[in-house]
Amino acid sequence: FLNALSAVRPNNRFKVVVVDRRSLNVLNHELKLSEVYEHDVVRIEKIENNRKDDPSVEALYFLTPSKQSVARLIADFAPGVPSQSPAGGRGFSSTPASKPTRYRAAHVFFTSELPNSLLAMVKSSGITPFIKALKEMCIEYDATDSRVFLTKLVDRPFYRLYSPVVARGFNDELELISKKLANVCGALKENPVVRYLLLDQDIHGDTKARPLAFLFHTEMERIREVLPVEDDASGRRPPTELIIVDRSADPFAPVLHEFTYEAMVHDLLDIEDGNKFTYTAQLANGTEEVKTVTLNESDSVWQEFRFQHISDAQQ
């Protein structure tokens with residue numbers, strides 16, 4: 001994303017960054033907002049909010065490829081599209097736009113692949129003269145720390161994948177997960193060998209590992225085209241393996257309770273955005289101050305105790 005920020009250089013130097021709710025979450029896991037502002041960014045705006053018109057500046061859009069975000073992008077520049085009106089009963093004539101656009105131009109970056117239907121939606125809207133760039137970044141995943149990433153679904157993933165009531169949309173959910181896994185492999189420049197859990201369906205029911213493995217293989221066919229050729233003269237580097245299992249491999253873990261320091265923190269404290277805790281501190285002069293701490297790898301205490309049993313962490 002920093003490369004995208006550096007690449008967008010308007011004539012008047014400054015730019016606005018427009019995000020949606022999901023892409024802002026991705027951005028917060030990757031960068032500090034102060035790092036974004038260092039690249040001549042005057043402000044960061046949510047596309048879902050009411051925003052003031054600023055037709056003198058160009059905007060960098062960092063969006064998820066959803067119909068809602070694309071529709072809002074189009075709405076920002078629709079006032080600048082000439083309308084079509086009947087011309088003497090023969091065809092149509094263009095009427096100049098009467099309103100300025102929200103921004104002068106758009107540099108659009110999507111977090112993952114833009115479906116053809118949404119690309120056609122942009123093309124048919126008439127706003128393409130205002131779009132200076134449109135790129136797919138393939139970073140649709142949540143990196144919680146240096147060794148863990150999540151392919152989060154929008155809401156209630158366990159219920160949506162495993163409930164017998166939710167039969168429709170099952171493949172859509174797995175396709176979304178496969179895209180995110182492929183995005184991670186593309187970012188790491190890895191082309192893994194895929195191994196998946198295959199159990200007796202008469203005993204364990206319809207497992208999710210096998211269909212996910214095949215969907216991931218399809219996604220990787222696209223990613224492989226842009227992966228660099230492995231330049232290893234020794235040829236000793238073993239291939240990366242991706243092992244896919246589902247909850248049928250361990251059905252008991254969801255009903256067990258962890259007693260690690262990390263589990264206790266999430267149970268007993270109000271954690272926001274996955275890793276932020278706000279509390280009121282008593283200062284030496286008797287006043288109170290509201291502070292927010294981020295529990296991540298830069299916190300040495302968190303790193304030392306997070307996986308320890310609470311009884312060990314208290315010693």
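Predicted model: local features only at pLDDT ≥ 70, side-chain atom pairs only at ≥ 80, totals over all residues.
Residues are numbered from 1 along each chain as its sequence is written, and side-chain values use heavy atoms, with hydrogens and water left out. Local features need pLDDT of at least 70 and side-chain atom pairs count only at pLDDT 80 or more, whereas totals for chains, interfaces and linings use all residues.

Trainee: What pLDDT does the protein chain average?
Mentor: pLDDT is the predictor's confidence in each residue, from 0 to 100. Over residues 84-90 it stays under 50, and the model has 12 contacts there beyond four places in sequence, a contact being heavy atoms within 4.5 Å. In the protein chain 85% of the residues score at least 70, and the average is 81.

Trainee: How many helices and strands does the protein chain have?
Mentor: Helices (H or I, at least four residues) and strands (E, at least two) are DSSP runs, numbered from the N terminus. By that rule the protein chain has 12 helices and 14 strands.

Trainee: Which strands stand at the edges of the open sheet of five strands?
Mentor: Two strands pair if DSSP finds at least two bridges between them. The sheet has the order β2-β1-β3-β6-β7 with parallel pairing. Each edge strand has a single partner, so one side of each is left without a neighbour in the sheet; the edges are β2 (41-46) and β7 (131-136).

Trainee: Which residue in β3 stands opposite Val19?
Mentor: β1 and β3 pair in the parallel sense over five bridges. The residue in β3 opposite Val19 is Phe62.

Trainee: What angle does the direction of α4 make with that of β3?
Mentor: Axes are lines fitted to C-alpha atoms, for helices over the stretch in contact, and angles run from 0 to 180 degrees between N-to-C directions. α4 packs on the sheet, touching β3 and β6, and the angle with β3 is about 170°.

Trainee: What arc do the buried residues of helix α4 cover around the axis?
Mentor: Buried means under 20% relative accessible area, exposed over 50%, and partly exposed in between (1.4 Å probe, protein chains only). In α4 (residues 67-77) the buried residues are Ser69, Val70, Leu73, Ile74, Asp76 and Phe77. They lie on the same side of α4, because the arc, taken from the directions from the helix axis to the C-beta atoms, is only 155°.

Trainee: Against which elements do the buried residues of α4 pack?
Mentor: An α-helix has 3.6 residues a turn, so residues three or four places apart point the same way. The buried residues of α4 pack against β3 (58-63), β6 (106-110) and α5 (116-125).

Trainee: Is Lys189 buried or exposed?
Mentor: Lys189 lies in the loop between α7 (170-188) and β10 (193-196). Its phi is positive, about 55°, although it is not a glycine. Most residues other than glycine have a negative phi. At 54% relative accessibility, Lys189 counts as exposed.

Trainee: Where is Arg13 placed?
Mentor: Arg13 is a residue other than glycine with a positive phi, near 80°. Its place is in the loop between α1 (2-7) and β1 (15-19).

Trainee: How many Å apart in space are Asp142 and His29, C-alpha to C-alpha?
Mentor: Asp142 is found in strand β8 (residues 142-145) and counts as buried at 0% relative accessibility. Asp142 and His29 are 113 residues apart in sequence, but in space the C-alpha to C-alpha distance is 6.5 Å.
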